[in-house]
Amino acid sequence: MSNSIKKIGVFTSGGDSPGMNAAVRSVVRACAFHSVECVGIYRGYEGMIDGDFTPMDARSVKGIINKGGTILKSARSKEFRTKEGRAKAYEQLKKANIDALVVIGGDGSFTGSMIFNQEYNFPVMGIPGTIDNDIFGTSHTLGYDTALNTVVEAIDKIRDTASSHNRLFFVEVMGRDVGHIALNVGVGAGAEEILIPEEDLGLDRLLESLRRSKQSGKSSSIVVVAEGDKIGKNVFELKDYVDANMAEYEVRVSVLGHMQRGGPPSCFDRVLASRMGVRAVEGLLNGESNYMVGLRNDKIQITPFDQAVKGKSKINMELLRVSDIMSV
Ligand code: F6P
């Protein structure tokens, strides 16, 4: 391990996700294991610019592996997008004798780190923390597995009331502009239709599918809509359209919103976070920088930031076919 790095800063950035605390814990303890100091940076790049730092040792991260959210808080920083903002952040890091960074966040956070590294040659490793699972180079981002389980549980509850009242529910889920959450929870919760940005079903085909469900004897239906879906302006417009064109259905809408980002991380996310934190720290100590740590074929592997932020994770087409067959 390189001995040039003596102090590593860790921070969480962008939309929070379950598992971020487990990743912070892993980074701090990997630093302790390798006798490297660790500093927590509050509020992402905003806190970096403000010098909002706190020393962290192995005991400071006790009891957080099972906590949702992030004890370091998170933020989106406009100022860090400016050269002046990044210069302030650099000065703060130098003043605190921080030699390297671990950023836990999404593609926007990695882009910021990549530019910072280019301008200051500052060593950075990234851990993908977002429920969207929209980052190239990893099969799972931190929080995605937990979000799937949270959403499928919520839809099971909606199914109870939908079937009690013979209603059609449009359930909007998060995922920004990709459909991983919608597709997986749609199959997992047995939805009659799944609307995702990657496949434009079209309003006519949606009506046809709903009519087919009705004719096949289904008295209630669930349609999962990814928030990035383009079929209608929004899920309420979809409701109005079906109200106007299918008298046989009583339609309701449920927008799950930010509850999808909360709750205790699943065991899968806790283990993934622990593996990624160790790899990020040991990568820095081995002189690596500008990489995202990811999971590929159940192996922890690194991807250059510029590929991780440029690529988009692809939708699972085989699962899309399974979802079509399941809604027969
Ligand atoms: O990126 C995570 C995410 O939850 C997206 O799924 C969602 O579109 C967005 O963040 C919401 O952003 P905000 O936290 O600013 O409301």
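A residue is called buried under 20% relative accessible area, exposed over 50%, and partly exposed in between. This scale is applied below to a predicted model. E153 has a relative accessible area of 48%, so E153 is partly exposed. K157 has a relative accessible area of 53% and is therefore exposed. These two residues form a salt bridge, with the closest N and O atoms 3.5 Å apart. Both belong to helix α5, which covers residues 144-164. They are 4 residues apart in that helix, so about one helical turn separates E153 from K157.

Other salt bridges were also examined. A search of the whole structure finds 17 salt bridges. One of them joins the side chains of E288 and R279, with an N to O distance of 2.7 Å. E288 counts as partly exposed, because its relative accessibility is 22%. R279 is likewise partly exposed, with a relative accessible area of 23%. Salt bridges can also share partners, and in this way R43, E46, D50 and D52 are joined into one network. Within this group, the side chains of E46 and R43 meet at 3.2 Å, N to O. E46 has a relative accessible area of 32%, so E46 is partly exposed. R43 is partly exposed too, at 22%.

The next topic is the domain arrangement. The domain assignment of the protein gives two domains. Domain 1 consists of residues 7-143 together with residues 265-310. Domain 2 runs over residues 144-261. The C-alpha centres of domain 1 and domain 2 lie 34 Å apart. The contact between them takes 18 residues from domain 1 and 12 residues from domain 2.

How much area is buried between domain 1 and domain 2? The size of an interface is often given as the accessible area lost when the parts come together. For domain 1 and domain 2, this area is about 1,200 Å². Carbon and sulfur atoms give 51% of the area. In domain 1, the residues that lose the most area to domain 2 are I131, D132 and N133. Together they account for 42% of what the domain 1 side buries.

Polar and charged groups were then considered at this interface. The side of domain 1 that touches domain 2 is made up of 5 nonpolar, 8 polar and 5 charged residues. Across the interface of the two domains, 2 salt bridges are found. R176 and D132 also form a salt bridge, and their closest N and O atoms are 3.8 Å apart.

S26 lies in helix α1, which covers residues 20-33. Is S26 buried or exposed? The relative accessible area of S26 is 7%, so S26 is buried. Which residues does S26 contact, leaving aside its neighbours within four places in sequence? S26 is in contact with A273, S274, G277 and V278.

Conventions. Residues numbered from 1 in each chain as written. Predicted model: local features only at pLDDT ≥ 70, side-chain atom pairs only at ≥ 80, totals over all residues. Heavy atoms only, no water. Domains from an automatic or database assignment. Contact = heavy atoms within 4.5 Å. Buried area = accessible area lost by both parts, 1.4 Å probe. Salt bridge = Lys/Arg side-chain N within 4 Å of Asp/Glu carboxyl O. Nonpolar A, V, L, I, M, F, W, Y, C, P; charged D, E, K, R; others polar. Buried < 20%, exposed > 50% of the residue type's maximum accessible area, 1.4 Å probe, protein only. Helix = DSSP H or I, 4+ residues; strand = E, 2+ residues; numbered from the N terminus.
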